[in-house]
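Below is a short briefing on a model with two chains. Follow it with the structure open.

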Amino acid sequence: MSQTIRWCAAMVAVALAVGSGCRTRPKTTGTGADSGVNPLGVAPVQMGAGELGMSGEPFAGTEQRGLFAPVYFAYDSSAIEASERSKIEAVADALRASPTKRLIIEGHCDERGSNEYNLALGERRALAIRAYLIGLGISADRIQTKSYGEEQPVAFGHNEEAWRLNRRGEFVLLE
Amino acid sequence: MTASGRLTAAFAIALGVVAMTTAAQDIVVRKGAAAKATVDWAGFSAPSAGPGATLVQVARQDLERSGWFRTVGAGGEFRISGEGAERGGQLTVALVLTDAGRNAVALNRTYSADASQARTLAHRIADDIVKAATGRDGFASSRLVLVGNRTGRKELYVCDSDGHNLMQLTQDRSISLYPRWGANNSAITYTSYLRGFPAAFRIDVATGRREMLAGFPGLNTAPVLSPDGRSCALILSREGNPELYVQTPPGGPATRITRTPHAAESSPTWSPDGSRIAFVSDMSGKPQVYIVSRSGGAPQRVTSRGVENVAPAWGPDGRLAYASRLGSRFQICVLDPASGAVDTVTPDDADYEDPSWARNGRHLACARTSGHRSSIVLIDTLTRDQIPLVSGSGDWYSPDWTK
C-alpha cells in the first residue's frame with residue numbers, strides 16, 4: 001500500500017475511532033468533555049476532545065525498549081512529519097501481531113525553551129503518535145503516554161544535531 | 001522628609017510608574033536606587049567571634065540585601081545600638097533602632113534564641129528593622145525551595161533567604177520538578193517521577209509525609225495550591241490533551257478550566273486573592289501567558305512582546321513576573337496587568353528563567369543560566385541589583401519563596 005493510501009486510511013480510521021469512542025468515553029469529573037465529534041474526513045484528530053482520553057491506572061510491567069525507531073519532530077511542534085509515519089506504522093503492525101502487549105509512548109524535547117512548557121510539549125508529541133496509532137486501528141486502551149520534557153536527552157551537545165535527536169517520541173512495549 | 005518617609009515615597013513612586021513609559025520608569029528606578037538609607041551599627045556591641053558576631057554579620061547583610069539600606073561606619077540615617085551576648089548557649093539581643101532624622105526610636109526590642117539559631121534570629125531582627133524603618137515586609141526570614149542536580153538526579157532542596165542552610169529535602173533518585181510552597185508554607189507541591197511517570201505530589205513540611213495529588217495516565221504536573229490552600233491548580237492530560245484543571249480539595253475531583261484541543265497548557269500561578277489563575281498556553285502558536293477565572297471561562301492573553309513568554313509568577317501586589325524570550329535570550333519581565341506596562345528587570349548577559357516573588361513584592365529569585373550552568377540569583381526589581389544566592393555543586397533551578 002502506498003504512503004498516500006495508508007495515510008488516507010488512517011484518517012478515516014481516526015475519524016471512526018473518534019466517533020465510536022463516545023461509547024466508551026471515561027466518566028469525567030467537573031464540567032466534563034467537549035461535545036463536538038470530529039466529522040468524517042476532516043483534519044487528523046481533535047485531541048483533547050475527551051474521546052482520546054486515557055482511563056484506568058498508569059501502565060506498569062516488564063518494559064521492552066529499543067524495538068522501534070524513534071519518531072522525530074520539528075522544533076516546537078507536535079505534528080507527525082510525513083517521513084516519520086512508516087515508523088509508527090511498524091509499531092502498529094507489532095501491536096496487531098501481539099494483541100496482549102501494551103504500549104507507552106515517551107515524549108521528549110530539546111533543551112531550548114521553558115522546562116515546564118517542554119513537559120507539556122513532550123506530552124503533546126506522545127499524544128500525537130498515540131492518536132496516529134488509534135487511527136491505524138489500535139485500541140486506545142492499549143496505549144498510554146509519558147512525557148519527559150527535556151529531562152532525558154539522548155544527545156548531550158548544545159547544537160542543532162543534538163536538538164534534532166532529542167525532539168522525539170520513543171516506544172516502550174509492556175508485557 | 002524623614003528617611004523612612006523618603007523610602008516609602010520612593011517605593012510608592014516606583015510602583016506607580018509601572019503605568020508610565022519605560023523611559024520615565026528608568027528615571028524613577030534610579031531615584032529608587034538613590035533612596036537607600038544609610039544605617040550604622042556603631043552603637044551595637046557584640047563579641048568579635050562566635051554566635052554574636054555571626055548575628056551581626058548576617059543581619060547587616062540582610063539589611064543590604066533588603067534593598068532599602070546602605071551600611072556606613074557611623075552617622076547613619078538609621079542607627080542600631082544595643083548588645084548581643086551569648087551566655088550558657090543562649091543568645092540574647094537587646095536592640096534599639098533610632099531614626100536619626102526624626103530623632104525617634106523606631107524599634108526597641110529584646111530577643112533570645114539558642115546560640116545555634118544565630119542566623120535565624122538575625123533574619124528575624126533584619127525583618128523587624130525593615131518593617132520599622134519602611135513599613136514594608138522584609139523577606140530575610142523567608143526560605144526557598146529549589147531543584148538541584150548535584151547528586152546526579154534532580155532533587156528538592158530548601159535554603160534560607162541568603163542561600164545558607166542548604167538542605168536536601170527529597171532523596172528519591174528520580175526526577176523532581178517545579179516545587180511550590182502552599183498552605184501558609186506548611187506544604188510543598190511538586191512533580192515527581194517517583195512512581196515511574198510524572199505525578200503531582202504534596203509534602204507536609206512538618207512531618208515529611210507525602211501524598212499523591214494526581215497520578216492518572218499521561219501528564220500530571222505543576223500542582224500549585226490556592227492562597228487559601230483549599231484548591232490545587234495543575235496540568236493533566238488524561239482527557240487526551242494537556243489542560244489546566246483545579247482540584248477542590250487538593251487531590252480531590254478535578255474541574256477542567258481550559259479546552260484547547262490543539263494547544264498545551266503549563267505553569268499555573270494563582271492571583272493573590274485566589275480568584276484567577278495565570279498560565280502558559282501555546283494556543284496562539286507560541287507559548288504565551290493567559291489569565292482565566294478559577295471557575296473557567298475564556299482565557300485572556302496578557303503577554304504580547306517576546307516570541308515566547310513562560311513561567312509566570314503572580315506577585316503579592318498583583319504584578320506578574322515571567323520569562324520572556326527577547327532575541328536569543330530569556331529575560332525576566334514584570335507586567336502590571338492593570339495597565340499592561342512591561343518592565344525588563346534582567347541584563348542581556350545570560351538566560352533568566354523561573355521567577356518567584358519574595359513576599360515584599362519587590363525582589364525576585366530566578367534561575368540564571370550562563371555557559372549551560374544554572375544558579376539561583378536574587379533580583380531587586382526596583383534597582384535591578386543582582387545578588388547570587390545558590391551556585392556551584394551542580395545546577396540549580398525553579399526557586400520558590402515562602403509567602
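T110(B) counts as exposed, because 10 C-beta neighbours lie inside 10 Å and the cut-off for exposed is 12 or fewer. The model is predicted. N241(B) counts as buried, because its C-beta neighbours inside 10 Å number 30 and the cut-off for buried is 20 or more.

**Two residues of chain B**

- T110(B) is part of strand β5 of chain B, which covers residues 104-114.
- Which residues does T110(B) contact, leaving aside its neighbours within four places in sequence? They are V93(B) and A94(B).
- V93(B) and T110(B) are separated by 17 residues in sequence. In space, their C-alpha atoms are 5.4 Å apart.
- N241(B) sits in a loop of chain B. That loop runs between β14 (232-236) and β15 (243-247).
- H262(B) is 21 residues from N241(B) in sequence. The C-alpha to C-alpha distance of this pair is 8.1 Å.

**Sheet β21 to β24 of chain B**

- This open sheet has four strands in the order β21-β22-β23-β24 (chain B). The pairing is antiparallel.
- From one strand to the next, the twist averages 30°.
- β21(B) is largely enclosed by the rest of the structure, because six of its six residues are buried.
- Four bridges pair β21(B) with β22(B) in the antiparallel sense. In this pairing, N309(B) has S324(B) of β22(B) as its bridge partner.
- β21(B) and β22(B) also form a hairpin, with five residues between them. In the turn, G318(B) has a positive phi of about 95°.
- β22 (residues 320-326) and β23 (residues 329-335) of chain B run antiparallel and are joined by seven bridges. Y322(B) stands opposite C333(B) of β23(B).

**Sheet β25 to β28 of chain B**

- This is an open sheet of four strands, with antiparallel pairing and the order β25-β26-β27-β28 (chain B).
- β25 (351-357) and β28 (386-390) of chain B stand at the edges. Each has a single partner strand, so one side of each is left without a neighbour in the sheet.
- On average, neighbouring strands of this sheet are turned by 35° against each other, direction ignored.
- Strand β27 (residues 373-380) of chain B runs antiparallel to β28(B), and four bridges join them.

**Helix packing in chain B**

- Helices α3 (residues 51-65) and α4 (residues 118-134) of chain B pack at an angle of about 40°. Their axes are 8 Å apart.
- That angle makes α3(B) oblique to α4(B).
- The crossing of α3(B) past α4(B) is right-handed.
- From α3(B), the contact residues are P51(B), T54(B), L55(B), V58(B), A59(B), D62(B) and L63(B).
- From α4(B), they are A118(B), R119(B), L121(B), A122(B), H123(B), I125(B), A126(B) and I129(B).
- By class, the contact of α3(B) with α4(B) has 11 nonpolar, two polar and two charged residues.

**Where chain A meets chain B**

- How many residues of chain A are in contact with chain B? There are 34, and they touch 39 residues of chain B.
- α3 (115-135) and β4 (143-149) of chain A each supply at least two residues of the side that touches chain B.
- α3(A) gives the largest share of that side, with eight residues.
- By class, the side of chain A that touches chain B has 12 nonpolar, 15 polar and seven charged residues.

**Chain A as a whole**

- Chain A has four helices and five strands. Along the sequence, they follow the pattern α-β-β-α-β-α-β-α-β.
- Chain A has 175 residues, of which 43% count as buried.
- Consider the contacts in chain A with a separation of 6 or more. Residues 24 or more positions apart account for 74% of them.

Technical notes
Residues numbered from 1 in each chain as written. Chains lettered and ligands numbered in written order. Predicted model: local features only at pLDDT ≥ 70, side-chain atom pairs only at ≥ 80, totals over all residues. Pairing = 2+ DSSP bridges. Axes fitted to C-alpha atoms, helices over the stretch in contact; angles between N-to-C directions. Contact = placed C-beta atoms within 7 Å. Nonpolar A, V, L, I, M, F, W, Y, C, P; charged D, E, K, R; others polar. Parallel < 35°, antiparallel > 145°, perpendicular 65-115°, else oblique. Left-handed = near helix turned anticlockwise from the far one by under 90°.
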